[in-house]
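Reader: I'm new to this and would like to learn how to read a protein model. Could you take me through one, feature by feature?

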Amino acid sequence: MKKALITGITGQDGAYLTELLLEKGYEVHGIKRRSSLFNTDRIDHLYQDPHEENVKLKLHYGDLTDSMNLTRIIQEVQPDEIYNLGAMSHVRVSFDTPEYVGNVDGLGTLRILEAVRLLGLTEKTRIYQASTSELYGLVQEVPQKETTPFYPRSPYAVAKLYGYWITVNYREAYNMYACNGILFNHESPIRGETFVTRKITRAVSKIALGLQDTLYLGNLNSKRDWGHAKDYVKAMWLILQQDKAEDFVIATGVTTTIRDFVKMSFAEVGIELDFEGEGVDEVAKIKSCNNPEYQIEIGKTVLRVDPQYFRPTEVDLLIGDPTKSKEKLGWELEYDLEGLVKDMMESDIKLFKKDKYLKEGGHDILNQYE
Ligand code: NDP
Ligand code: GDR
């Protein structure tokens with residue numbers, strides 16, 4: 001039975017990858033941070049009581065800033081594969097916490113590689129590094145592929161640039177099987193709530209259900225190549241199953257503006273939007289609603305631009321070329337953008353229907369037991 005160790009197991013990708021590896025028969029070990037609130041929501045359905053026999057998912061407390069902790073866990077687990085997904089992954093927040101991001105996202109990668117080397121596991125342990133399309137930053141070439149020059153535009157991207165090159169360096173210097181997956185944006189119903197897609201699908205669901213009036217967003221003009229996280233974790237696994245360690249771009253090859261993602265999300269609940277104005281004055285009003293389930297006021301302003309969400313330096317256009325990964329890995333996509341928006345909207349509508357029910361009826365129900 002193969003053993004995998006995942007940093008960032010409590011995140012979006014960590015959760016889907018754990019599901020995939022357990023299905024494939026792996027014993028999965030994950031590193032989680034100590035937090036004052038439970039932070040394992042995304043993997044709770046996979047959790048097994050450690051007192052049971054034959055436990056396939058094991059969690060260890062740890063942190064990418066703590067070399068001794070990482071070295072001890074790697075020594076104890078002796079993993080066949082390490083997936084380094086742990087990171088402070090929010091680009092806007094990285095401008096506020098640049099030193100921390102350098103430590104976790106940049107040096108954290110080095111700590112994993114160096115622990116594997118010092119423990120004499122270079123022959124045994126294969127390493128996947130979660131690299132990112134943010135490395136491309138300021139447009140040098142489109143579509144972006146494995147050979148496109150990097151030009152990072154945020155402390156996050158600069159830290160990930162270090163992670164990328166230190167992975168390449170350890171592969172070349174010590175003949176390690178260490179690879180970068182250069183993944184373009186990927187989303188899902190369990191995407192973090194402050195990334196733009198999830199912020200939109202949550203707000204649209206709440207607006208349709210009468211639980212929120214307005215959605216405030218930043219730059220509506222940037223373009224992203226969005227895929228579904230379920231498809232992308234399959235690529236991570238494939239990257240570690242090859243004869244030769246290499247880096248791969250994982251993308252859909254289709255790019256869309258934030259504005260169009262907003263329109264598509266509203267369309268899922270039968271609401272058509274009208275965009276007015278430009279830049280910070282931009283607003284969107286409800287033009288029509290053909291869904292009898294929602295009592296929507298036509299002409300109501302539901303979206304406004306708020307400059308607080310602008311970034312000091314922005315990445316305007318991302319569009320990836322997945323040719324290499326399709327040809328060499330045999331990687332295929334199950335979801336297109338429409339399927340992704342549908343999956344996220346269905347899940348958020350379901351989530352907020354519960355909230356609405358509690359808001360409208362819950363108080364009385366609770367009072368019955370007082
Ligand atoms: P999330 O933000 O959902 O998850 C990040 C994970 O890293 C969480 O488990 C978090 O723990 C953990 N983490 C944060 N700081 C530390 C630390 N100091 N030590 C240990 N663990 C830490 O990210 P995603 O799942 O979306 O992304 C996974 C990886 O892929 C990240 O490295 C990200 O930068 C990269 N990436 C993501 C893309 C995407 O579109 N999703 C695209 C390209 C790359 P906690 O739950 O406690 O916060
Ligand atoms: P990104 O994702 O920066 O591409 O990084 P995010 O969803 O945060 O932003 C995408 C684009 O949307 C614009 N935007 C807003 N973004 C946020 N978060 N909130 C807003 O209100 C808002 N309004 C407009 C942004 O300016 C940007 O242009 C993600 C992360 O998962 C990284 O970890 C990963 O490496 C990259 O994707 C690939």
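Author: Let's begin with domains: their bounds come from an automatic or database domain assignment. Before we go on, this is a predicted model, where local features need pLDDT of at least 70, side-chain atom pairs count only at pLDDT 80 or more, and totals for chains, interfaces and linings use all residues. Residues are numbered from 1 along each chain as its sequence is written, while chains are lettered from A and ligands numbered from 1 in the order in which they are written.

Reader: Okay, which domains does the assignment give the protein?

Author: Domain 1 covers 3-183, and domain 2 is pieced together from 196-222 + 257-314 + 335-362. Their C-alpha centres are 32 Å apart. Residues are in contact if their C-beta atoms, placed from the backbone, lie within 7 Å, and here the contact takes 5 residues from domain 1 and 4 residues from domain 2.

Reader: How do the residues on the domain 1 side divide by class?

Author: Classes first: Ala, Val, Leu, Ile, Met, Phe, Trp, Tyr, Cys and Pro count as nonpolar, Asp, Glu, Lys and Arg as charged, and the others, Gly among them, as polar. The side of domain 1 touching domain 2 has 2 nonpolar, 1 polar and 2 charged.

Reader: Now ligand 2. Which residues come nearest to it?

Author: A residue is near a molecule if its C-beta atom, placed from the backbone, lies within 6 Å of it. Around ligand 2 there are 21 residues, and Ser-89, Thr-132, Val-196, Gly-218 and Ser-222 come nearest. By class, that shell has 7 nonpolar, 8 polar and 6 charged residues. Domain 1 and domain 2 each supply at least three residues to the shell.

Reader: And how do I read a helix such as α6?

Author: Helices (H or I, at least four residues) and strands (E, at least two) are DSSP runs, numbered from the N terminus. The expected span of a helix is 1.5 Å times one less than its number of residues. With 13 residues, α6 reaches 18 Å from its first C-alpha to its last, close to the 18 Å expected.

Reader: Is α6 mostly covered or mostly open?

Author: A residue is buried if 20 or more other C-beta atoms lie within 10 Å of its own, exposed if 12 or fewer, and partly exposed in between; C-beta atoms are placed from the backbone. α6 is mostly covered, with 11 of its 13 residues buried, including Val-196, Arg-198 and Ile-207. Following α6 is Gly-210, with a positive phi near 75°.

Reader: What about nonpolar cores?

Author: A nonpolar core is a set of buried Ala, Val, Leu, Ile, Met, Phe, Trp, Tyr and Cys residues joined through C-beta atoms within 7 Å. The largest one here has 62 residues, and Ile-6, Tyr-83, Ile-127, Met-236 and Ile-250 touch the most other members. Helix α5 (residues 155-174) gives this core its largest share, 8 residues. Another core, of 27 residues, lies apart from it, with Val-204 and Leu-217 among its members.

Reader: Where is there a positive phi in a residue other than glycine?

Author: Asn-175 is one of these, with phi near 55°. Asn-175 sits in the loop between α5 and β6 (178-183), and is exposed, with 11 other C-beta atoms within 10 Å. Gln-78 also has a positive phi, about 50°; Gln-78 is in the loop between α2 (67-77) and β4 (81-84).

Reader: Last one: which residues does a cis peptide bond join?

Author: Val-142 and Pro-143, with omega about -10°.

Notes: Contact = placed C-beta atoms within 7 Å.
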